[in-house]
Structure formats: C-alpha cells, structure tokens
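This report walks through selected helices, loops, strands and one interface. The sequence and structure come first.

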Amino acid sequence: MNCQLFEDLLIDLAREGAVEESVRLQALAHADSCSRCSARLANEQSLSAVIKLARAEGGEAPVRIETALISAYRRRGENTAPEAATRTVPRIVPSRYWGIAAALLVALLGVATFRLLRALRPEQTKVEVSTQGASSQKISRPAAMEATPGRTVPASEPAPLTARSEPVVKKAAPRLPAAKTAPADTEVATEFFPLTSSSELSTMESGQLVRVLLPRNAMASYGLPVNQERIDQPVTAQVLIGQDGVARAIRFLSQQSPNYVQTGTRSKR
Amino acid sequence: MWQMGFDDATDIQLFQLASAGDEAAFLAFYRRWQGSIYRFSLRLSNSIPIAEDVTQEVFLALMGGASGFDPSLGLFSSYMYGIARNHILRRMTRERIFERIVDDAEDERQGRQNTRGPSSDPLGDLTRKEMIDSLHRALATLPLRYREVVVLCELQELSYADAARVIGCPEGTIRSRLHRARMLLLEKLREMTKEDARAPRIEPARCLL
C-alpha cells in the first residue's frame, strides 16, 4: 500500500464504510508506518465523529406544517373520494400558473377588443387646447385620413397656444353647422390629422400649437388635394405638440379661399 | 395507537395507502420522513423558512401522485430527496442566498427546536453543541455542490449510489466531491479553531492580598 492508495481509501476508512477487511488492515498498517497518512486518518476520523454528533442532533419540522398538510390531505380526499385510489389529484402549483395565464389572456383580449372598437368608432375625440385668453379652440381627430374640410379660425389667433393645467381631453361635442363661406380676414383650416396613435392623443393633457411652413406636397400625405399651380409655394400648417415634446397632430391653414374642397367646415364657437 | 400498525410498512406501502385515501397512513408516512426532509432542506439551504416551505412542498407534491418514481432506479427516499432538492434549488435561485450563513436569530430558533430535555452532563452538552455548531457553520460556507454531497452522504446517510440518483450525476463524482468536501470542511474547522484561539480570553485574576 502506498500513500496514493491510502488516500483513495481514506474516507471509507474514516466513515467506517464498506472496505474489505484485508484492505483495511493493509491501510492501517500503512498509516502506522507513514506519519502523514496517520495524521490524515486521525483528522478524518475526528471529522466523522463530529458529523456523527450532528447526525444524531435531530430537528423536526414545526407542528403547523403537519396540521396544514393534514388539512390539505382532507380537502383532497373530499374532492377525490370516490376515485381516490386511481385518480391523480391535479398539482397545486401548475393550476395556479394556468389561472394566471388565463387571466393574462383575458386581459390581453380585453385590451385588443377595446383598441379595435376605438379604432372603428366613428366618433371623434376632441382635444381642447385653451388660448391664453378666454377663447379656446377644438382640435378634432378625423376618423380616417381623408380630405376632411377645414374650419375657420380668426387670423389673429395667437400661436403658439399655451396649455391649460386642467385635463383637456373631452368627449366629442355636437358639430356646429358648417360655415357657408369664409370671411376675408379669416384663415381656413383643415381638421387635425393625428401623427401618433389615438390613445396617445386622448391621454394628452396639454399641448402647444406651433405654426410651420411645409412644402405643399406634404398635404398629399394626408389625402388632401394639392393645387399643382401653387406647388412651389409652401403651405402653412399648425402642429399640435404635447407636453412631452412629441408632435401629436397637424392641420393645414390657408389665408385665402382654400384650394381644397370646403365642406363641413365650422366656425369657431 | 393507530400508528403502531404502520411501523413495519415500507415507504411504498404507506405511500400507496395514503394515496388511496388512508389519512392515518399519510400521517405515519409524514411523521416517518418529515424530520429527514426538513433537516436535509435546512442544511442545504441554511434557511429555516425555506426548510419549512420545502418540507411542505414535498408532501404536497407527493399528495398529487408520485408519477416520477421508478422503483428500479432507487429508493423512495431518494425520490423524495430529489423533489426536495429541486424545490430548494429553485428557492435559492429565486432568493439568491446560495452562500447565506445562518444568522444568530435563526441559530437561536434552531437551538430551541433542537432542545431536548434536561441533561445530566451540561458541560459535555455545551462542548458537543459547540462542535456541532462549528460543523454547521463550516458546512454553510461550502459551495453548494460540496455541501449537498456532505448533507446527503454524511448527515442523511445515503449511499453513494442513492446520492448520485438524487443529484443526477455519476457515483464517482459523488465520491470525489465528498473527498474534496471533507478536506474543505477540515480546513474551515481548523480556521475556526484558530480564530477562536485568537479571541481575547478572560483570565482569572490572581488575588494579591
């Protein structure tokens, strides 16, 4: 027996494990002749002695666990009494996960349905942005990107508009009768075209209107007819910018009688 | 009492009776195994709450059936330790307490739980308790792969083969891990002894009058 073989047997020797008697005697003889192996054996044997003490120490689960388990066992028995011996009780944890998954699915379906209904709803969500004075203007979101006729607003309308601190999202108000003709000193505006999703627009609390000049071709992007004779002239537009700095909607303005069809326009209240 | 009749029943027999709706068999089965499962969970996780939860989870899982048990692959006890181990690892991963050491409050609770009746050898008990505490503290510092082998093979007295089935590794791996784990344990215990020796001692004052 050499030290390597002794090391391989050491734990079984210390644990008094299954070692052949002849091998055990050889190992012990080696330990007698080798001080290092003898010390290793002594250390391992003392460790085994402590482990033996720890093993005998005991320690049990609290009684309340037994009580809870017995209750669970009885409930299970009530549910499966006629066929307890043959049927496996559904596991508790997986069923909980299935419940959560079902709830999530229902919630997702609800959200999807809500969004679909909103998208299909013919009503228009109005966002009211107040001016610094008492006057206010309605910003409406058309149901679809169509050449919706504009409405008239005073040419003296201040821009940009300041936002009110109170919530400004309101339900659609009944439409006013369309103006037959636009006065000379008024601007004609199209309806607002949303630049973001409808949900973002409806949740907007305040915003500013910024007047910009755009190439006239931009009108075509919103389904508006473009006067080819004035194609090289820019068109004035107002962009509604939310409090977060994101552009939410746009409308086009014209000082003159608009080049696009003017049906369904309404005057400012 | 009623439990006396189950003393000779094997684990499988008890489990089958319990599965068939015999509450007394279930109780006997629980009382036979709860201590082992609880201690295994406690030593592996170093956490009393986890040990309690896992003990409960193991028996709840068994109530749901033992469809994963194959008698040809090992003992029913190995199957239960396997369930417990999976629950413990899941909890430890979730709570990230792989190397947590039992704190004083838990130590105290453990001490209360393990308190036995009055002893005729209080000093011997104290020494024994100190040794066991040192072992537990040293065990708690071992990496999990070594700790679980010590808990299974040394504290729960599973054979190498059964421990290998619980952990899901070859028997040779268990042997080598146990060898290494015992060396680490000895090193830790030696360090603890040195630290204790360095601690200031209260020397008795000699009366000079």
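Helix α8 of chain B spans residues 160-167, and its buried residues are B:D162, B:A163, B:A164, B:R165 and B:V166. Buried here means that 20 or more other C-beta atoms lie within 10 Å of the residue's own; exposed means 12 or fewer, partly exposed is in between, and C-beta atoms are placed from the backbone. Helices are DSSP runs of H or I with at least four residues, strands are runs of E with at least two, and both are numbered from the N terminus. This is a predicted model: local features need pLDDT of at least 70, side-chain atom pairs count only at pLDDT 80 or more, and totals for chains, interfaces and linings use all residues. Residues are numbered from 1 along each chain as its sequence is written, while chains are lettered from A and ligands numbered from 1 in the order in which they are written.

**Chain B: α7 against α8**

Helix α7(B) covers residues 144-155; its axis and that of α8(B) come within 9 Å and cross at roughly 135°. That makes α7(B) oblique to α8(B). Axes are lines fitted to C-alpha atoms, for helices over the stretch in contact, and angles run from 0 to 180 degrees between N-to-C directions. Angles under 35 degrees count as roughly parallel, over 145 as roughly antiparallel, 65 to 115 as roughly perpendicular, and the rest as oblique.

The crossing of α7(B) and α8(B) is right-handed. A crossing is right-handed if the near helix is turned clockwise from the far one by less than a right angle, and left-handed if anticlockwise. From α7(B), the contact uses B:E148, B:V149, B:L152 and B:C153. From α8(B), B:Y160, B:A163, B:V166 and B:I167 meet them. Contact means C-beta atoms, placed from the backbone, within 7 Å. By class, this contact has seven nonpolar, no polar and one charged residues. Ala, Val, Leu, Ile, Met, Phe, Trp, Tyr, Cys and Pro count as nonpolar, Asp, Glu, Lys and Arg as charged, and the others, Gly among them, as polar.

Most residues other than glycine have a negative phi.

| Residue | Phi | Loop of chain B |
|---|---|---|
| B:N46 | about 60° | between α2 (23-45) and α3 (48-63) |
| B:G168 | about 80° | between α8 and α9 (171-198) |

Their surroundings can be taken in turn. B:N46 is buried, with 24 other C-beta atoms within 10 Å. B:E157 is partly exposed, with 13 C-beta neighbours inside 10 Å. B:G168 is exposed, with 9 other C-beta atoms within 10 Å. The C-alpha atoms of B:G168 and B:G82 are 8.8 Å apart, although 86 residues separate them along the chain.

**Chain B as a whole**

Chain B has nine helices and zero strands. Of its 209 residues, 34% are buried. Among contacts in chain B with a separation of 6 or more, 65% join residues 24 or more positions apart.

**Chain A: α2 against α3**

In chain A, helix α2 (residues 21-33) and helix α3 (residues 35-56) pack at about 115°, with axes 5 Å apart. α2(A) passes α3(A) in a left-handed crossing. A:H30, A:A31 and A:D32 in α2(A) meet A:C37, A:S38 and A:L41 in α3(A). These residues divide into three nonpolar, two polar and one charged.

**Chain A: strands β7 to β9**

Strands pair if DSSP finds at least two bridges between them. Strand β7 (residues 207-214) of chain A pairs with β8 (residues 235-242) of chain A in the antiparallel sense over eight bridges. Strand β9 (residues 247-254) of chain A is antiparallel to β8(A), over six bridges. A:L240 of β8(A) is the bridge partner of A:L209. In β9(A), A:L240 has A:A249 as its bridge partner. The hairpin of β8(A) and β9(A) has four residues between the strands, and A:G245 there takes a positive phi near 85°.

**Where the chains meet**

The contact takes 31 residues from chain A and 35 residues from chain B. On the chain A side, α3 and α4 (63-80) are the elements that give two or more residues. α4(A) gives the most, with nine residues. The chain A side divides into 19 nonpolar, five polar and seven charged residues.

Key: Contact = placed C-beta atoms within 7 Å.
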